[in-house]
Amino acid sequence: TSTSDNGVTASGYYYDGGWIPAPLWQRNDGPTDNGIGVCSEGPDTCNQGGDWNELSNNVNYEVILLDKGSWAQWTSLWVSSLDGTEVGTVYWGDTGNIDSLLTSGDMFSFNSTDFGSDVWGDILTLSAATDFNAMAQYVLFTPGAALNGVGATEACATTIGYCFPQGDNDYLVWKGTVVPVPAAVWLFGSGLLGLVGIARRKKAA
C-alpha cells in the first residue's frame, strides 16, 4: 500500500465509507505510460492492464498521497498516461488526513491538453500551479475535477460533505522530486529569532 523513493513516500487509498489502504501498482512502459496507480479492485482485475491499474474513479474513488517529510521542498510532480479528456486534481497541505486535504481549498486541476500533444508532464510547470506551496509536506493526487458541488454525474459521499466525480478519469503518478531546504535558510531564521530575543531583553532592562 506504500512505497518510498528519494525521500518521498507514496500511499494508495480508496473510499468505501472511509479511506481504505489499497495496493499501489507499478507501470513502466515508457514516458507516456510510466508511474504508479492504485489497485483497489484486486489483482485479477488489475492484471488485465489498461486503465484498471491506474489511479482512477472508474469503479472505486482512488487517491495517492505523497509525503516528503518536513525538511525539503517539492521541485516537480510528474504524471503520465493522461489522455483523451481525462482530468486530475492535486491537493496539498501539512496534514496527512485525506478529508482535511480535500476540503482545504488548496488545489488545482490539470488535464491532457495542458501538455500539448504529450500525455505526460510536470504539473508544477503549469500556470495553474502558481499558488502551489512547495513546502507543503503532503500532496494528494485524485482523479477527476475538484470535489465540490453535486451534479447528476457525481457520486456523493454525503457523510463528509463532498461528492466524488464519476467518469473516465485515470492516469499514473510518475514521480515527485524534492530538494532539502538550504541550511542557510534555517540558520538565518534562527538568527532572526535570536535577534528578537536580544532586543526584548534590552528593552526590558
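Is S81 buried or exposed? S81 is buried, with a relative accessible area of 7%, where buried means under 20% relative accessible area, exposed over 50%, and partly exposed in between (1.4 Å probe, protein chains only). The model is a predicted one, in which local features need pLDDT of at least 70 and side-chain atom pairs count only at pLDDT 80 or more, while totals for chains, interfaces and linings use all residues. Residues are numbered from 1 along each chain as its sequence is written, and side-chain values use heavy atoms, with hydrogens and water left out.

The confidence of the prediction comes first. The pLDDT is the predictor's confidence in each residue, from 0 to 100. The protein has a mean pLDDT of 80, and 77% of its residues reach 70 or more. In residues 149–153 the pLDDT is below 50, and this stretch has six contacts in the model beyond near neighbours in sequence; a contact means heavy atoms within 4.5 Å. In residues 184–203 the pLDDT is also below 50, with three contacts beyond near neighbours in sequence.

The overall architecture may be described next. The protein contains three helices and 15 strands; helices (H or I, at least four residues) and strands (E, at least two) are DSSP runs, numbered from the N terminus. Of its 205 residues, 43% count as buried. Among the contacts with a separation of 6 or more, 67% are between residues 24 or more positions apart. The protein exposes about 10,200 Å², of which carbon and sulfur atoms supply 54%; these areas come from the Shrake-Rupley method with a 1.4 Å probe, and for residues only the protein chains shown count as cover.

The interior can be followed through its nonpolar cores. A nonpolar core is a set of buried Ala, Val, Leu, Ile, Met, Phe, Trp, Tyr and Cys residues joined through side-chain atoms within 4.5 Å. In soluble globular proteins, nonpolar side chains tend to be buried together. The largest core here has 29 residues, of which I64, L66, F110, I123 and F141 touch the most other members. Two or more residues of this core come from each of β2 (8–15), β5, β7 (62–67), β8 (72–80), β9 (87–93), β10 (107–111), β12 and β15 (170–180). Another core, of twelve residues, lies apart from it and includes V63, L65, L102 and A146. Leaving out residues up to four places away in sequence, I123 touches L77, V79, V90, F108, F110, F115, A129 and F141.

The loop between β11 (121–122) and β12 (138–143) contains L124. The C-alpha atom of L124 is separated by 7.7 Å from that of T75, although the two residues are 49 residues apart along the chain. Beyond its neighbours within four places in sequence, L124 is in contact with W74, T75, S76, L77, A129 and F132. Q137 also lies in the loop between β11 and β12. Q137 is buried at a relative accessible area of 18%, and its side chain is joined to that of D67 by a polar contact of 3.1 Å. A polar contact is a pair of N or O atoms within 3.5 Å; within protein, one must be able to donate a hydrogen and the other to accept it, and residues adjacent in sequence count only if both atoms are side-chain atoms.

Charged side chains form a further feature. The structure holds two salt bridges, a salt bridge being a side-chain nitrogen of Lys or Arg within 4 Å of a carboxyl oxygen of Asp or Glu. One joins R27 and D33 (2.7 Å, N to O), and R27 also meets E54 in a salt bridge (3.3 Å, N to O). The latter pair links distant parts of the chain, with R27 in strand β4 and E54 in the loop between α1 (43–46) and β6 (55–56), 27 residues apart. Through shared partners, the salt bridges join R27, D33 and E54 into one network. R27 counts as buried at 10% relative accessibility, D33 is buried at 17%, and E54 is buried at 1%.

The side chains of D33 and S81 make a polar contact (3.4 Å). S81 itself is in the loop between β8 and β9, and has a positive phi of about 60 degrees although it is not a glycine. Most residues other than glycine have a negative phi. N6, in the loop between β1 (2–5) and β2, also has a positive phi, near 50 degrees, but N6 counts as exposed at 68% relative accessibility.
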